Each structure stands twice: as structure tokens, then as C-alpha cells.
Amino acid sequence: MNVEQKLSVDKFAVDEGNPHIVLHPEKFDEATLKALTVICPAGLYTRDESGRMAFEVAGCLECGTCRVVAAHIPGALEWNYPRASFGVQFRYG
Amino acid sequence: MADYDAIVVGAGLAGSTAAYCMAKAGLSVLVIERGNTAGAKNVTGGRLYAHSLEDVFPGFADEAPVERKIVRERVSMMTDDSCFTADFHSSRFNEPHSASYTVLRAEFDAWLAAKAEEAGCDVVCPGNADELILDNGKVAGIRSGEDELTSDVVLLADGVNSLLGQKAGLKKELAPNHVAVGCKEVVELPRGVINDRFGLNDAEGMAHLFAGAPSNGMVGGGFLYTNKESVCVGLVVTVSDLVKSSARLPDLMEKFRESAPLKPLLAGGKLVEYSAHLVPEGGLHMLPTLSDDHVLLLGDAAGLCLNLGYTVRGMDYAVASGQLAAQTVIEAREKADYSNAVLKGYKDRLEQSFVLKDMRTHKNAPEFIEHTSRMFNEYPELVADVFTQMFKVDGSPSRLFLKKALPLVSRAGIFNLIKDGFKATRAL
């Protein structure tokens, strides 16, 4: 089972047009960009064939790992909790 | 005059315990929680060691939604093609204070938050605590959207990421070598299947930790916990190691759950949730400033977790920090002094309790685990080689076991083994 299939069983409420994570790929170094694709438990950071970074906020499990990994580059990744009633709602946890 | 004596940010185990204890002592308390229900943003492996909650709610397990009482402990060393397991089954953990239970946070935290509400706390749920209100540079409440809520003291129990703890200047940004990221699947299985598969009676549970192949030799490991009608299976890896990995965390997780030792344990199960969480693992080295004027830091927000490889603890420390924070705030109210002159008594209480005593005893554990990578790659291989030599019969002339095993041990380095063994005795 791939991670997209796993995420499909979770309960999310996406705050359309108001992402709680905003990425500025141009500020990143190569090593940190690569790290983001590896550390995200939901696999939301991906690169296309040309190496361009893509990020999908829907499916975020709100762990904060990307925040920690990007913290050494000021302003590269804005991370906040989703607004109340949005984001993932764990039914088991 | 402030709206409340105390505002608690986060209705996890630390926050709700603190809120309950303060309300019981007659304080006016507001709890604000960002999940739709308490626990909806929380994840555990997970096992709760009962002792500290037992102190607050004697006999809690009779009414709280615990899953199973753990009577069986397993620790495995895995390579890609082998798995060595120590299996300890015992009724010696039956006393309320030495018991531990598997729990699922959505249900468990909701129970604890309801206790706080019954005790008289106001609960805003869901609600965000966006900012701290400052009055002459001192914390005076929280801002939630358009609303301002004021209090004499704010207890930050807002979890490992504690954005407010950072804004209050109590803690620095988390360092990648001080946190691990975990992901977890909840896999539904019939109760009887779990009992049969893991050799358990109805209310009995098992905790199983795995070192080696699951984390691909990185600092970390796999886990499996049995609930009433599901098992939790997951993988935790230290972030500073994971950033160097070529394999993605979700792919390592899938490889682990599909591995030969795991797959039959999960067969026929239905995935009902996939979750992830950050775990503070820096111990004493990441201890933040625990209090300032009108503000305290609790639980994961204060980094109160301890991973020794064979025990993983955080929730019992969270509960204790909640209770001790409440005692401190109650004293502050009696003295009508919420300055750090009184609130620093919270750290003293933690120092006198098992919480910071444990952190001090094991202050070298995080560094030992981080710098002894052999634990996660070479030693599982060594164990696999030794047992292969022991059990393999292929018709070639047999040799004394010692003659078979010694070259393997030499290869790993007898000096390394002695050195790591010695360091382990001083750290774990």
C-alpha cells in the first residue's frame, strides 16, 4: 500500500485557499530540499523530472518535521497550525 | 481583573491533568484545544505507564478507555533477512503503580478532558491560541482569532512544536538531533485474532520494539502495540539521521510492515488510520526554561520524554508535569504572586520528582544512542550471524560453537563491544 492510499483512510478538513504551510523553494539549498522529500511521513514534498519542488498541503499530518528541517533557513518555510476545525482529525491517535 | 486564574493551552495529558488539578482546588480555568475534540491532534505509539495518572486518579483504569494492560514485552533485533526476539511474559506488572496500558489518544484524551470539564474548567474546543497577550512584556493571556482571553497565568501544554513556548522565549527551535519523527498505522483485527496471534488473554496486551533493519540502520526503531481490536505498528527515526537517508520515511514504514516477521502479524487486518508525530528525544540537553513570570511549560512542550531503547516514556512525565504545574499555580494563587519567584517552584518540584531525576540519571542516553550507530546496524547483524551459526545444520563438518562464534565477534570488534557495553551501563 502506498502512502497516498494510507492517507485516504484519514479524516481531513482542508482549509481551501488558506494553507497552514507555505513553502518558498527558491530560498532552499539542494540538501534541504532533498531532505524534505525524505522526512515527510505523508510524502507531500515531491520533485518533478526537472527537479522542481512540489508541495501538497492536503494530507498533512501536522507533525512539524519539515518545520524543524527548514528552520535553519530564515523565511523558507512558514509553518502554522491549521485554523480550528481544519486539518487532520485523528479518530484513533 | 483577568478573565481566568489560569489558561491552559492544549488538552493533552499534561494540559488536562493540570486543568483538572487546578479546578479541583477552586481556580477558574480555561482550556483551549485546537483539535475538534481533545486528542484529535495527538498520537502515541503507544503505551501509558500508569503510575503518575494513578496518583491523580486512583484506580483510573477501571473507568478510563484504556485498551489492554501490558503483560508481554518483546524486543527484537532485525536484519533484512532475520529477526532475534527476547520475549518476556509476566504477571509482575499487575500492581496499579507498575502497570502500563496501551491507549489510543483520541478516546483517552477525550476522557481526561471530560474530567477537567466536570471539575469546572471551561473548555474551548476547537480553538487556536494564536498569540500570547503581553502586558509590559509579561504574559497576560492569549489571543484566539478576534478574541482576547486574559489570565494570571498561562500553562503552555501545546505539544512538541510549542510555537507559543518559542514566542514566549522559553525554548529555542527544536534541533534535528533532539527530535525523532514517527509514523504509525492503526490496523483493525478481531479481538480473538489478536489474543491468538500474540498469546494474550482478553484484557492483556503486548509491547514490541524493533531495532536494526526497520530504521535502515539509522537511530530509531519500529514498534508494535496491541489494542483491544487493533494493533498499532510504526516506525520512529531521529530527524538528523533521516535527512541523510536515501529512502523516504513512508517507504521505510511500508517495508517494515511488509517484512517477514511483521506481515503475518498484520495479515487480514484493515488499515483504519495513518498518523505521524514528532517526539522530543534530547532529554536533559533540550530542557527549556520551564517557567517565567505568569507562564509555565508542560509535557512534550517542555521536552519531557525519555527513550532508552527498551522503554519509551513521555505520557507519564506529561501527567506528572501537569500535576506539579498545578501545585505551583495553586501556591501562586494563595500568595497572590504569579511572578517567576513563585512559579520557578515548578522546576524545583520536577527536580524533586522522578521526572527530572530520571532525566538526570539518563542524561547521557540520547548522546549514547545517537553516537553508537553500531546498535542499529552492526550488532543486529552480529546477533543474526551468531544464531545462524548456532542453528544451521547443512551437513558440513560441525565445529565447536565457540570456534564458530568467536570469529564473528572478533569481526564486530571485541573492543567496540566492551566499550559500547560499558558506555551503555552508564547511560541506559
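Two residues are in contact if their C-beta atoms, placed from the backbone, lie within 7 Å. By that rule, eight residues of domain 2 of chain B are in contact with seven residues of domain 3 of chain B. Sorted by class, the domain 2 side of this contact has four nonpolar, four polar and no charged residues (Ala, Val, Leu, Ile, Met, Phe, Trp, Tyr, Cys and Pro count as nonpolar, Asp, Glu, Lys and Arg as charged, and the others, Gly among them, as polar). The C-alpha centres of domain 2 of chain B and domain 3 of chain B are 26 Å apart. Chain B as a whole is divided into domain 1 (4-65 + 104-172 + 288-361), domain 2 (178-280) and domain 3 (368-427), with bounds that come from an automatic or database domain assignment.

Before going on, a word on what you are looking at. This is a predicted model, in which local features need pLDDT of at least 70 and side-chain atom pairs count only at pLDDT 80 or more, while totals for chains, interfaces and linings use all residues. Residues are numbered from 1 along each chain as its sequence is written, chains are lettered from A, and ligands are numbered from 1 in the order in which they are written.

**The two chains**

Chain A comes to three helices and six strands; here helices (H or I, at least four residues) and strands (E, at least two) are DSSP runs, numbered from the N terminus. Read from the N terminus on, the elements of chain A follow the order α-β-β-α-β-β-α-β-β. Chain A has a radius of gyration of 13 Å, close to the 12 Å that the globule rule gives for 93 residues, so it is as compact as a globular protein of that length. The radius of gyration is taken over C-alpha atoms, and the globule rule is 2.2 Å times the number of residues to the power 0.38. The C-alpha trace of chain A spans about 35 × 30 × 25 Å along its principal axes.

Chain B has 16 helices and 19 strands. For its 428 residues, a compact globule would have a radius of gyration near 22 Å, and the 23 Å of chain B agrees with that. Along its principal axes, the C-alpha trace of chain B spans about 90 × 45 × 40 Å.

**Where chain B meets chain A**

The contact between the chains takes 41 residues from chain B and 31 residues from chain A. On the chain B side, α3 (105-118), β11 (179-188), α6 (239-242), α7 (249-257) and β15 (270-280) each supply at least two residues. Of these, β15(B) gives the most, with eight residues. The chain B side divides into 22 nonpolar, eleven polar and eight charged residues.

**Strand pairs in chain B**

Two strands pair if DSSP finds at least two bridges between them. Strand β4 (residues 69-79) of chain B runs parallel to strand β12 (residues 204-212) of chain B, joined by nine bridges, and B:Val75 has B:Leu209 as its bridge partner in β12(B). β4(B) also pairs with strand β5 (residues 82-89) of chain B, in the antiparallel sense over eight bridges. There, B:Arg74 has B:Asp87 as its bridge partner, and a hairpin joins β4(B) to β5(B) through two residues.

Strand β8 (residues 131-135) of chain B and strand β9 (residues 138-144) of chain B form an antiparallel pair over five bridges. B:Arg143 in β9(B) is the bridge partner of B:Glu131. The hairpin of β8(B) and β9(B) has two residues between the strands, and B:Asn136 takes a positive phi near 55° there.

**A helix pair**

The axes of helix α15 (residues 401-412) of chain B and helix α16 (residues 414-427) of chain B come within 5 Å and cross at roughly 70°. Axes are lines fitted to C-alpha atoms, for helices over the stretch in contact, and angles run from 0 to 180 degrees between N-to-C directions. B:Val409, B:Ser410 and B:Ala412 of α15(B) make the contact with B:Ile414, B:Asn416 and B:Leu417 of α16(B). By class, four of these residues are nonpolar, two are polar and none is charged.

**Backbone details to look for**

Most residues other than glycine have a negative phi, and most peptide bonds are trans. The peptide bond from B:Gly45 to B:Gly46 is cis, with omega near -5°, and B:Gly46 lies in the loop between β2 (29-32) and β3 (47-49) of chain B. B:Cys125 and B:Pro126 are also joined by a cis peptide bond, with omega about 5°.
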